[in-house]
Structure formats: structure tokens, C-alpha cells
Amino acid sequence: METFKAHLDKFITISDEEFISIFSFFQILEVKKKENLMLEGDFCKLKYFVLKGCLRKFFVNEKGVEQTTEFAIENWWISDTFAFEKQVKTDFNIQSVEHSTILAIDFHSQELLLQKHPVMERYFRMVYQTAYAAAEKRIRYIYEMTKEEYYVHFSTLYPWFIQRIPQYLLASFLGFTPEYLSEIRAKLRS
């Protein structure tokens, strides 16, 4: 509970009483490593906030290969935003990478939360702006950098992330095969 309150405090100002009310709109879930929270073709009913652990969003391409598009670690949100907001079927899967403790909110509860606590509109706007800006940067890096430069850039910015995430998932996120990522790492070590 304190983790979420500290996170909210970075964006908005709320009293302890308001926080207790806000928190009541969420459910706390404990998920095991590799547990599926959402499957492609399901209606996107929930969005998740990671208190502890790591989740990933991915799709399976036409060759049957999983392509990771997003990770969420502590204090990050994850969902299929479009499918959640439109209440339609998703084209993605969400799975836990580690044993995780997460908050979940469904669409109806979110609407009630926003009505009762309009300050949360500001919070979500700020979170979405940050996420959108990060996505724009990632797209630019994909176009401007070689694969090796992209890996070096990512590993320099997020060295702790490189150590935490299994190599095959990191390769999927960066758009590499695990073998190619191994080659890049071996080349950089020599």
C-alpha cells in the first residue's frame, strides 16, 4: 500500500483518507512466475500496476515467435490500453516474468474512481504522457540505431534491467533473436 501511495505522491497531492478511498478501487493480486494475466483474443478487462515483480506484454507473430513489446516493473502500469479503454478483445498477452504482487483495476471501477476522485484524471494523464514519450523515443532508437548501438544504449541506460530480465525476453523486446543478442554481448566483451 505504501509503495502505491509513494508513487501517487510523485504526481498528485492527496490526503491519507483520499488514498484509502482510492486504494479501495483496486484488488491486490499475487501472481506466480510465467502466470498469464491476459491472453490474445480475450476482452481486456483489467489494467495492472506492479508493486513488486515484473510483467511483460507480448504478441505471437506470424512465424509463431513471441515478440515482447513492453515490460512493467515496480511502479509501472501495463495493459493493452486501447483494448482496455474501448472494452474490446486484445491482440496481446500479459504474463508475469517473476513472482509479482500487483494491483488490478477493471474498467467500471476505474470510471467510478475517476468520478469520485477527479485528481486521478490528472494522475493518469501524466502517466500516459510519460509512457507515450518513452514509446516515441523507443521508436526513434529502432530507426536510427544499429542493433548493436540499440543494445549498448539500452544496457547503458538500464544496466540493472539487463541483469534482471532473462536474455531471451530481452532479445524479444529489442527485436533480436537470443542467438544474435549472445553474439553482440560476446563481441562487446572481447
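Analyst: A pocket is found on a 1 Å grid over the protein atoms alone, as an open set of points with protein on both sides within 12 Å along at least five of seven lines; lining residues have an atom within 4 Å of a point. Grid points are joined across faces, edges and corners, and a volume is the space filled by probe spheres set on the points. The second largest pocket here holds about 240 Å³ of space. Of its 14 lining residues, Val 65, Glu 66, Ser 172, Phe 176 and Thr 177 are the closest to the centre.

User: On what basis are these values given?

Analyst: This is a predicted model, in which local features need pLDDT of at least 70, side-chain atom pairs count only at pLDDT 80 or more, and totals for chains, interfaces and linings use all residues. Residues are numbered from 1 along each chain, and side-chain values use heavy atoms, without hydrogens and water.

User: What is the volume of the largest pocket, and which element gives the largest share of its lining?

Analyst: Its volume is about 1,400 Å³. Closest to its centre, among 40 lining residues, are Glu 70, Thr 130, Ala 131, Ala 134 and Ala 135. Helices (H or I, at least four residues) and strands (E, at least two) are DSSP runs, numbered from the N terminus. Helix H5 (119-144) gives residues to this lining; its share, 14 residues, is the largest.

User: How is the sheet read, and in what order do its strands stand?

Analyst: Two strands pair if DSSP finds at least two bridges between them. Here 4 strands form an open antiparallel sheet, ordered E1-E8-E3-E6. Strands E1 (27-31) and E6 (77-78) are at the edges with a single partner strand each, so one side of each has no neighbour in the sheet. Strands E3 (residues 46-52) and E8 (residues 100-106) are joined by 6 bridges.

Note on methods: 1 Å grid on protein atoms, 1.4 Å probe; cavity = no way out; pocket = protein on both sides within 12 Å on 5 of 7 lines; lining within 4 Å.
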